[in-house]
Every structure is written in structure tokens, then in C-alpha cells.
Amino acid sequence: MAALGGVGLVVGAWPAHAASASTHYEIAAKPLPEALIDLALQAHVSLLGVEACAGVQARPLKGRYSLEEALNRLLAGAPCAYRVVDARTVALGPARPAPVASASRAPPGRAPVRGPEVAELVVHASKRDTPLSGLSAPASVMPRQRIEAIGASDVGGTTGQLAGLHMTNLGPGRDKLLVRGLSDGAFTGRARSTVATYLDDVPINYSAPHPDLRFVDIEQIEVVRGPQGSLYGAGALSGVYRIVTNKPDLTYAGGALAASSATTKGGSPSYAIDGWWNAPLVSDRLAVRVVAYHEQMGGYLDDVNMRRSNVDRTSRSGARLAVRAQLSDNFRADLSMTGQRLDTNDTQYTTPILGPARRANRVREAHDNDFFQTALTLEGEVGGMRLHSSTGYVRHNFASQYDASSALDLFSANGFDLGVYSEDARVDLLVQDISVSVANPTGLSWLLGAYGARSRESTPSELRVRRGAVVVPVYQEERRDRLREAALYGEATLALASGWSMSLGARAFDTWIDTEAQIELRAPAQGRAMSARSHTSGISPKLSVQYVFPSGDLVYALMSEGYRAAGVNSSGLTAPPPTRARYAADHLRNYEIGGKFKFLDGRLQVSGAAFYDLWTDIQTDRYLSSGLAYTTNAGDARIVGIEAELAYDWEFGLSLRANGALSASELTRASRDFGDSLARRLPGVPELSGGVLALYHRPLTDGLELQLTGEASYVGPSRLSFDSKLSPPMGDYVRSRMAADLVAERWRAGVFVSNLADSAGDTFAYGNPFSFGQVRQATPQRPRTVGARLTVAF
């Protein structure tokens, strides 16, 4: 549920089944937008555009009414009115029709943008639809309008505009997300991601690189910072990143097509085309929504050894099919299938001693990342309780190839002149999450849930060497991991007197991982087999206290925890020694205080938090001298940080958003695996980062609007790894982008330019594990890129 700006009034009929249903409401006298949010939460409906009702004080509402009756009472005499979108969605807008350039006449889900305005947004990631301003946790929501305005085509495009969010830059389909400076290192291996990434209600990451799904027909992006172990378990040690898609509309038929083209300085051209279509099959009961896209990102790096230019080209194609069924007055079901194929011809790091945008490899370092997910969500009301069930299946296949020629001597391959290392992975994940909840703003609200997951991961890898025409394998590993995870979780919030409330949550979890591996080595070396089991269990608590001022401003204090399960290692030319054969579970405890405030009649919003974290037995991925990876515990750390976000709208059409994050970390204990080589600070993320976004919209004629967008973000300096003896510097660069668009009733056309200064800042000081440490590696920003885009709705 999200409250989005610029939704105009359109006459619509109220579904009979919705009109007859009644709910008991208890809403105090308060500003009308806040009262409407309370109504939406108590009625379990989505309200769009509540900011259209700003500037009015609502009268108290108490008693049992139908939703129609409750809205009529709250909106009596207000400068806004409502229209029915479907049985669970209501749109609010001005009492008089808005200009054509606004979203009033555009298809739902792809309305023209009038610049992101300061409006109430609702967070789904709390597992209960909660207004962003009322969530006692540091969270950010990026609605569809802002995603389109900044041209964010994937997760990486959002990092500069969400406080404390960072992403490594090994290449598309190879990266990992990091939040709040809580970095376990920049490498992607078997350690589970510290950020839980969700596509709607199903997780899409684990011990794997991010699938880099392209953003098409997205409702909003949600980020909750800090450990979320009580609700989300092992994959949320530093936060949650949730991609919320647009769902099928039960009453509207239509869609849109979009195309873009771009040219990169010194590189190959890029292009993308995407589209969506929504169609009701049975009015008010059944609808389908289809999304499809194809994109090619042109390369811009040259390999002087292979005499190839623009080697790092990437193609990305995908589709999504969603079906919504209104099963009854109180229940609905959503079924979706999402698939994407991503292929990269080569990696995108360089060797600076050869000159800008150059390197010298002997083989292509290609990468594939194929993703498929199917999910079924059931949501409804039973006996006054809200039931939510999500069932998901994920198949994730990814493969990489590296030039391993520089490590041949370690494999007793004297006389061989070329080495190629390839690794593949196939992950099959089945998850089930079911919860029941009761919302009672004036008393006790609670949530109880159960979670279960099973996964199988197969990860074969091989090193082949060549002498003349002879190619032989010198190292082969076939590893299989089976995971079983079960958890019970809950959270209760008690509203106390005078604006105070207290929340207590916990998750009891049990995780088993069974590992088998078979390793074959070239004679005279001996192969080996291994079989091991690891088990992690415990309770992850959460406690918060908050105070809501009469104005609606909020302050809170929070304690939360996160964790990751233990595991085993298998890789290496010899069996791992006892100190490396296993790695322990890690644990993070977070203490923080924060606040969310509105000033100047709600036009200025400010939120911020200060936190102190204790992280023990930090899991990290590391490389042996052979270039093969393993997972270990680096040691302990404490982290202190602050973060802030602000948003302001001027009446003449300018909107401004800014964010900043500062974190200072200190590694307080080194494990035996690191000894005196442990660095002093957490690696992979800067201590200082921030961004600014400005949007300006101006009507040109009756039906045509000019929109200008400018953004910049700064990524401070950092070090790559935990190893102080092998940790090159990176970061300290600025990203920038500008765009200009003309927006009409059913089309949008514009131009954009990114990396205005054509900066070559080092975004990631790493690329190939087999030559890492032997030669400086760097990943420059994509050079200045200029492009155009066109969107047509129908």
C-alpha cells in the first residue's frame, strides 16, 4: 500500500460486496491524511494519494461502518474525494479534476510523473502495512515516480538515493548489497548475504550474488536498515531490501511500452525495450498482468592481449506473469511467475598500469545469471485477524569463468601455458511463510508467524590447463549443500498512555546444513571426499519504545539482533586444516535511537537515527593463494554511525531530497585465521556517503509538462578486504545524472546524461581472484553516457 501523489478523481462504482462489509473503526481527531492512513490500516485496504487531503483536521470516528460510510464521514467537507480502484484499493484526489499532465488520465501503474512529492508512504516490509512515519525503525521507501524519474533500472540505480545502501561492482549479476557500513567484505562466496532481498513476499538471495532483476512495472522499493532477525531470520543481519511489483487491477484494461537508447563514450551503444499489459478476466474478481523486457548494455573496456574492444557487453531479458483473484469479500490470492536471463561477455575490471579502460587477459571471463521464481500469496481476514501466507519457489543458476594462468605453478602445472577456472551453481529454494495479525492502534497489536525453508545447492567447479593442443583438468570439485530451516516468530505492540507505545518481538530458529564434496586432483596428488553437517539454533529478540507527539512526529529507541548460520569449507589443493574446516555462526546486536519529523505544514520531512552495533565472529569470504575461495570468521567489531534523510517540496514545482550516512568501525578482535593481518576497520564500504536529488516540474500547456531531474551521490574511500596486507584502496568518487522529460496524457519523452564529469573513479578494486594481489585491479565508473527514452501508454 502506498500513498502516491497526483491521483485525480474519476467517477467509479463501489463493488457491492465491499459496500456491504463493515468494520469497527477507532480514529482520533488528527490531520486528515493521518486519519485516512489509520482507516486504511484498520480496514485492510490500500489508499492512494492521501496527500490530496492535506490541510484539513479530521473529526474522530468511532463505531462500525462500511468502508464507504467511513470514507464519506471522514471526507465530509474536505477538498478531496475518492474513487474505487478495486475491492481493496481506493484512490484519493482533488475534488475537481486535475490537469491533463497529472496522473489523473493515465493508466494505473504507469501514470506520468509530477515529481515525487512529500507524501505518506506505507512499508510492507514490516510484515504489517505500516505508515513510514509511524514505523519505529529506520526505513526508506522509493515510490514508482521516483524510480522512473532517476532512471533506476535495477538495484544499483537506487543506491545513491537511499541512505547507507551500497553495492559492490564486480559486474551485472555478480554483486552483493551492503547496508549501514555493516560489511562482511566485498567478495561473494558461500557466506550468506547480510541483506535480505525480497521480490514481493519471497526471498531471492542467500549465499549467491544478487540476480540484478530489471525494474519494470514496479510499485515501490523499500529498505529497512539494521538487523531484522526477529522477522526475517538469517538473511537480514544488516537490513531488508524489498522490491514491490504492481499487482493486477481488477477493473482496468491497458498497458504501456517503453524504449530507450544510449551511447557511452568510447563504448558500444546500449538499448532497452519493455512493456506491460493489464486485463480483467472477470470484472472485480479476476485479472492478469504481463511484463516483458529486453536490454543490452554496451561494453566500454578493451582487452589489449586478446585485441578485443568493448568486451564487457551484457544482455538482460525477462518476463513476469501475475494473476490476482478476489476469492471472496475477505480473501484474495496473487499468483506470479518471474524469470530473467542475464549474460555478460566479460568482466569489467581494468589493470591501471596498462592505461584507462584496459586490461590484458588470455580468456574471456564470462558470466551467466539465470533466475526464476514462482510465488502464491493468500491474504484475508478471519475472525477479526489478518491472515497472510506466501509460498515461493526459486531456481537460481549462475556461472563464471576466470583466467587462472597466473596461478598455474601452484597446481603443479609446470610447462602449461594457459589456465581457465570455471564455477557453476544451481540453487533450488522452497519457502513458506504464514502469519496472523491484529491491528489495534489504541490497545494491543500483535503478529504471530511460522517460517520454513528447504534448499539444494549444487556448485561444481573446475580448473583446466593447456599446453599446445592438450587440455587437462588439474582440479575438480563437486559440492552439494542441503539446507533445512524452521522458525517461529512474533511481535506485539502495546499502546500506552499519552502517545507512548512499546514493542517486543522474537524469532526462535533452527537451521541444519548438510554438505558433501568430492574433489579430484591431477596425479600424483590425491583426491578426497568429505561429508559434514552444521547446526545453528537460537532466539533473535527485538525491543523498541516509541513516543508519538500530538503533531504526529515520532521518536524511538530500539534494540534488535541479526545472525547467520554456521557452515563448513571444502575447497583447496589439500584438505582444510581444523582452523578452516568450519566457520562459526556470527551475531550482530544493534542499539539505536531515531526520530521522524514533519515541519512547515508537512512540506518538510526529516528522519534520522544514531546506532551502535556489536558484531561477533564476523563471517567473510577469503581466497587461498591458489585463488580458490573459502569462508572464515574474521573476528569481532563495534560500529557507531548516524544516518539522515530529508525531503522538501516548494510550491513552484521543485522537490528536493537528500541523504547522508556516516559510520565508524573498529575491529576489536582477530580470529586465528587472520592474526596480525586483520585490518582496523570493516572493509568494502565507505565511512561517509550521501546523495541529493532535485526534481522540477512545470506545466507548459494544458496537457503538457516539463520535468527536470538532477542527482548526485558521493561514495567515500574504503579498503577492499579484511586483510591489511592485501587490501587496496577504492572509492572516493561522485556519481551524477541529469534528465529532461516532456510528459503528456499518454506519452513521455526525454533525454538523459550520466557521469557528467566523465569521472573514472575506482568503484571496486577487484576483478580476478587468481591474479589478485599480483597486479593492481580497478573497476572504473561507466564513462559519460547520453541517451533518450520514450514511454507510450494505451
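Keep in mind that the model is predicted.

Let's begin with the strands. Strands of a sheet pair through backbone hydrogen bonds, and they can do so in a parallel or an antiparallel way. S39 and S40 form a hairpin with 4 residues between them. In that turn sits Gly653, with a positive phi of about 110 degrees. S40 has another antiparallel partner: 9 bridges join S40 to strand S41 (residues 688-701). Here Leu656 has Ala694, in S41, as its bridge partner.

Now turn to an open sheet of 5 strands, in the order S10-S15-S16-S13-S14, with mixed pairing. Its edge strands are strand S10 (139-143) and strand S14 (202-203), and each of them pairs on one side only. S14 runs antiparallel to S13, with 2 bridges between them. Across this pair, Leu199 stands opposite Val202 in S14.

Next, look inside. The largest nonpolar core has 48 residues. Those with the most contacts inside this core are Ile147, Leu162, Leu177, Phe215, Ile221, Tyr241 and Ile243. Take Leu177 as an example: what is Leu177 in contact with, leaving aside its neighbours within four places in sequence? Its partners include Val155, Leu165, Met167, Val195 and Tyr241, and also His166, Thr194, Thr197 and His210. There is a second, separate core of 26 residues, and Tyr25, Ile27, Tyr65 and Leu75 are among its members.

Charged side chains come next. The count of salt bridges in this model comes to 47. In one of them, Glu592 meets Arg180 at 3.1 Å, N to O. Glu592 is in strand S35 (residues 586-599), while Arg180 is in the loop between strand S12 (177-179) and strand S13 (195-199), so this pair links parts of the chain 412 residues apart. Both Glu592 and Arg180 are buried.

Another salt bridge brings Arg359 and Asp346 together at 2.7 Å, N to O. Arg359 is in strand S23 (residues 358-359), and Asp346 is in the loop between strand S22 (331-344) and S23, 13 residues apart. Are these two residues buried or exposed? Arg359 counts as buried because its relative accessibility is 1%, and Asp346 is buried as well, with a relative accessible area of 1%.

Arg789 lies in strand S47 (residues 785-793) and Asp741 in strand S45 (residues 733-743), so the pair ties together parts that are 48 residues apart in sequence. Arg789, at 17% relative accessibility, counts as buried because the cut-off is under 20%. Asp741 is buried too, with a relative accessible area of 1%. Salt bridges can also share partners: Asp154, Arg214, Asp274, Glu295 and Arg316 are joined into one network in this way.

Leu257, Trp277, Val290, Leu321, Met337, Phe372 and Phe794 make a nonpolar patch of about 590 Å². One of these, Leu321, has its place in strand S21 (residues 314-326). With a relative accessible area of 31%, Leu321 is partly exposed.

Conventions
Residues are numbered from 1 along each chain as its sequence is written. This is a predicted model: local features need pLDDT of at least 70, side-chain atom pairs count only at pLDDT 80 or more; totals for chains, interfaces and linings use all residues. Side-chain values use heavy atoms; hydrogens and water are left out. A nonpolar core is a set of buried Ala, Val, Leu, Ile, Met, Phe, Trp, Tyr and Cys residues joined through side-chain atoms within 4.5 Å. Buried means under 20% relative accessible area, exposed over 50%, partly exposed in between (1.4 Å probe, protein chains only). Contact means heavy atoms within 4.5 Å. Patches are made of residues with over 30% relative accessible area and no salt bridge: like charges are joined within 9 Å, nonpolar side chains (Val, Leu, Ile, Met, Phe, Trp, Tyr) within 5 Å. Accessible areas come from the Shrake-Rupley method with a 1.4 Å probe; for residues, only the protein chains shown count as cover. A salt bridge is a side-chain nitrogen of Lys or Arg within 4 Å of a carboxyl oxygen of Asp or Glu. Two strands pair if DSSP finds at least two bridges between them.
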